[in-house]
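This briefing goes through selected features of the structure shown below, grouped by topic for reading alongside the coordinates.

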Amino acid sequence: MSSITVESSTVDTSDGVKLYTRVFKPREEETLKDNLVIVLVHPYSVMGGCQGLLKGMASGFAANGYKAVTFDMRGVGRSTGRASLTGTSEVKDAIAVCKWVSDNLSATRILLLGSSAGAAIAGSAVDEIDQVVGYVSLGYTFGMLASILFGRHQKAILQSPKPKLFVMGTRDGFTSVKQLKDKLTSATGRVETHLIEGAGHFQMEGPEYDAQMVKLILEFIASL
């Protein structure tokens with residue numbers, strides 16, 4: 001028998017979109033570490049991003065005693081609405097899910113985690129929810145070409161005072177290590193980086209790195 005359970009739900013956004021959502025949690029409630037919930041925001045919808053890509057990490061968090069929530073952003077899977085090119089509308093999705101988590105999962109603390117374009121979207125939502133106590137980016141799209149689409153999101157996360165962890169592969173095709181470091185020189189608050197040697201952007205989204213990501217993020221949570 002699996003040590004975790006997965007439940008499905010629907011979250012309504014402020015503009016009437018319905019988001020298909022999954023909650024991963026330990027089978028035994030008494031094994032929960034605390035009332036922190038991890039909300040995961042998937043990669044770029046337009047390029048096939050969906051919550052299924054984050055299933056491995058969400059399962060890993062649940063197996064380690066934390067509730068984790070994934071969701072399909074607007075226009076993806078069973079979620080209604082239409083995906084936007086720049087991720088601006090999707091910020092409402094991340095905010096809605098975090099508010100739902102706070103109201104329905106007894107979460108007094110939320111860690112907001114985003115992958116690729118999902119990191120940019122999550123970064124714009126961080127300071128919109130009081131319960132968010134930290135932020136994790138997996139492969140933030142800071143590069144010049146990616147910034148054409150997602151540059152509008154950068155100011156929010158760089159100016160947020162909340163603790164931030166930026167994880168990136170050294171062979172990321174969208175953002176170079178230098179671009180990451182240059183951007184983070186202007187960041188406020190506590191900022192940590194972790195580089196994964198030899199990993200490319202899309203490799204980071206694959207299951208081969210799930211266990212490593214879970215371990216790294218659990219260490220970050222322990223420091224919050």
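**Helix α1 and the annotated span**

In this predicted model, helix α1 covers residues 55–63, and its buried residues are Met57, Ala58, Ser59, Gly60, Phe61 and Ala62. Just after α1 comes glycine 65, which adopts a positive phi of about 95 degrees.

- An unreviewed UniProt entry lists residues 15–120 under "domain: Xaa-Pro dipeptidyl-peptidase-like".

**Aromatic pairs**

- The structure contains 6 aromatic pairs.
- In one of them, the ring centres of tyrosine 140 and phenylalanine 142 are 4.1 Å apart and the planes meet at 25 degrees, so this pair counts as stacked.
- Tyrosine 140 and phenylalanine 142 are both buried.
- Phenylalanine 174 and phenylalanine 202 form an edge-to-face pair, with 5.7 Å from centre to centre and 80 degrees between the planes.
- Because phenylalanine 174 lies in the loop between β7 (164–171) and α6 (177–184), and phenylalanine 202 in the loop between β8 (191–200) and α7 (210–222), the pair ties together parts that are 28 residues apart in sequence.
- Phenylalanine 174 is partly exposed, with a relative accessible area of 33%, and phenylalanine 202 is likewise partly exposed, at 47%.
- Tyr135, Tyr140, Phe142 and Phe166 are linked into a cluster by ring pairs.

**A charge over a ring**

- Arginine 78 is placed over the face of tyrosine 20, at 4.5 Å from the ring centre.

Conventions: Residues are numbered from 1 along each chain as its sequence is written. This is a predicted model: local features need pLDDT of at least 70, side-chain atom pairs count only at pLDDT 80 or more; totals for chains, interfaces and linings use all residues. Side-chain values use heavy atoms; hydrogens and water are left out. Buried means under 20% relative accessible area, exposed over 50%, partly exposed in between (1.4 Å probe, protein chains only). Helices (H or I, at least four residues) and strands (E, at least two) are DSSP runs, numbered from the N terminus. UniProt positions are given in the numbering used here, feature names are shortened, and annotations may be inferred rather than shown by experiment. Rings of Phe, Tyr and Trp (its six-membered ring) pair if their centres lie within 6.5 Å; planes under 30 degrees apart count as stacked, over 60 as edge-to-face and the rest as tilted. A charge sits over a ring if NZ of Lys or CZ of Arg is within 6 Å of the ring centre and within 35 degrees of the ring normal.
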